[in-house]
Amino acid sequence: MKTKSKKKKVLLIVLALVAVLVIAGDWALSVMVYDENFNQRFESYEPLMLYVDDFDGLARTKYEFPSNKGQKLVGYLYSSGENQRGIIVLAHGFGGGGHNSYMDCANYFARHGYYVFAYDATGNDESEGDGVGGLPQGVIDLDHAITFVEESGHFPKLPIALFGHSWGGYSVCNVLTYHPEVQAVIACSGFNASADLFESEGKKQIGNGIYLMLPFVKLHEQLKYGRYASNTAMDGFSESDAAVMIVHSFDDEMVPVEYGYERYHEKYKDDPRFRFMPLEHEGHNYFNDDTYRNIFNAEFDKWLETLDYDYEAAENKERFAADKSNYIHQHLDREEWCNSLDAGLFETFVAFYDEHIG
C-alpha cells in the first residue's frame with residue numbers, strides 16, 4: 001500500500017511539473033509573439049513623408065514632453081489663421097511611423113478653426129523608445145500628451161477635443177477614463193480593448209488557437225501596464241460626458257467592426273451624445289480620395305516591369321530600395337499626394353467639433 005501511495009505522489013508531482021512547464025512555455029510563446037508584433041520601432045517612409053511646407057499657411061511649433069518612464073516624446077502644435085475654437089489632440093495609428101502621415105488631417109483642422117497637437121508615440125519617428133512596447137502604451141502617451149497641453153503653460157486655455165485612427169481610435173476613447181474634461185472625440189476604425197487587435201490578427205493566422213494565448217497576453221499587459229491594460233474604450237465612455245463620433249467601415253479587415261463599432265452601437269445607439277457613422281467598402285483607411293494614388297500606383301507597377309533585375313530577391317534588397325526611393329522622388333506629384341483628403345468626410349468631422357466645443 002505504501003509503495004502504491006508513493007508512486008501516486010510521484011505521478012502527481014510529475015504531472016504538476018509538466019503542467020507548469022506547459023503553462024510557462026505557452027506564456028513565453030505568447031509574450032514572444034506579442035512582442036514580435038507590437039514591440040517594434042516604426043519610422044515613416046521618407047520618400048512619402050509629408051512636410052509642413054507642403055501645406056499653404058500651415059505653421060507648427062515643436063515641443064518635447066516626457067511619458068511614463070521618462071522617455072522623451074516629440075509633438076507639434078499646428079496652426080493656420082486666428083480665432084481657433086479649441087485644441088484637437090491627434091493620436092496616430094500603429095505601424096507606419098508617427099503622426100507624419102496624418103499631417104494633412106492636422107492641416108485641415110487647423111484651416112477650419114482649431115489648433116492641432118500631434119505627437120509621435122513611444123517608439124515612433126522622433127520620439128524615444130526602442131519599440132512601442134504594447135498597445136496600452138498608446139493610451140499612456142496620450143494621457144501624458146493631454147496633461148502636457150493642459151498644464152505646461154505653452155498652450156492657450158481652450159477646450160480639448162481628440163481625434164484618433166485605428167490604434168489612435170482605441171486610445172482616444174480609452175483615455176477618457178483619465179481625462180473626462182475632454183469635450184469631443186472622433187474615433188475612426190478603433191477597437192475597444194488592448195487585446196482585441198491581437199485576437200483579430202491571431203484568428204487570421206491560427207484560428208481559434210489564439211484563445212489559448214489570449215489569457216497570457218492579457219496577463220503580460222496587466223503586469224507591464226497595470227490599470228491601462230484593463231481599461232477599455234467602454235470604460236472611458238462611462239467615465240465621461242464627452243460627445244463621441246464613431247466611424248468605421250463594415251469591410252474593415254484590420255479592425256473588424258465587432259471589436260469596436262458594433263459593441264459601442266449596441267449600448268449607445270440611443271444616447272444623444274453618440275453619433276455613429278457606418279461606412280461601406282472603405283476598408284481601414286478612408287481619409288483620402290484615392291484617385292491620384294491609384295494613378296501613381298499603376299505607373300509604379302509599370303516601372304517595376306522595366307527593371308532588369310529581380311527586385312524581390314534578397315541580394316537586390318538594397319539596390320531596389322534605392323531605386324524605388326529615387327523613382328518616388330522624381331515622379332510623385334507632391335501637391336496631389338498631400339492634398340487628397342476626402343473633403344466631405346472632414347467637413348462632417350469639423351461640424352461635429354463645432355457643435356460640441358464651446
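Student: Which are the buried residues of α3?

Tutor: The buried residues of α3 are Pro136, Gln137, Gly138, Val139, Ile140, Asp141, Leu142, Asp143, Ala145, Ile146, Phe148 and Val149, where buried means under 20% relative accessible area with a 1.4 Å probe and protein chains only. This is a predicted model, in which local features need pLDDT of at least 70, side-chain atom pairs count only at pLDDT 80 or more, and totals for chains, interfaces and linings use all residues. Residues are numbered from 1 along each chain as its sequence is written, and side-chain values use heavy atoms, with hydrogens and water left out.

Student: What makes α3 mostly covered?

Tutor: Of the 16 residues in α3, 12 are buried.

Student: How do you know that the span of helix α3 agrees with its 16 residues?

Tutor: The expected span is 1.5 Å times one less than the number of residues, so α3 (residues 136–151) should span 22 Å, and its end C-alpha atoms are 23 Å apart, which agrees.

Student: Why are α2 and α13 called oblique to each other?

Tutor: Helix α2 (residues 103–111) and helix α13 (residues 343–356) pack at an angle of about 55 degrees. Angles under 35 degrees count as roughly parallel, over 145 as roughly antiparallel, 65 to 115 as roughly perpendicular and the rest as oblique, and α2 and α13 are therefore oblique.

Student: Which residues in α2 meet α13?

Tutor: Cys105, Tyr108 and Phe109 in α2 meet residues of α13 including Phe346, Glu347 and Tyr353, where contact means heavy atoms within 4.5 Å.

How values were computed. Axes fitted to C-alpha atoms, helices over the stretch in contact; angles between N-to-C directions. Helix = DSSP H or I, 4+ residues; strand = E, 2+ residues; numbered from the N terminus. Buried < 20%, exposed > 50% of the residue type's maximum accessible area, 1.4 Å probe, protein only.
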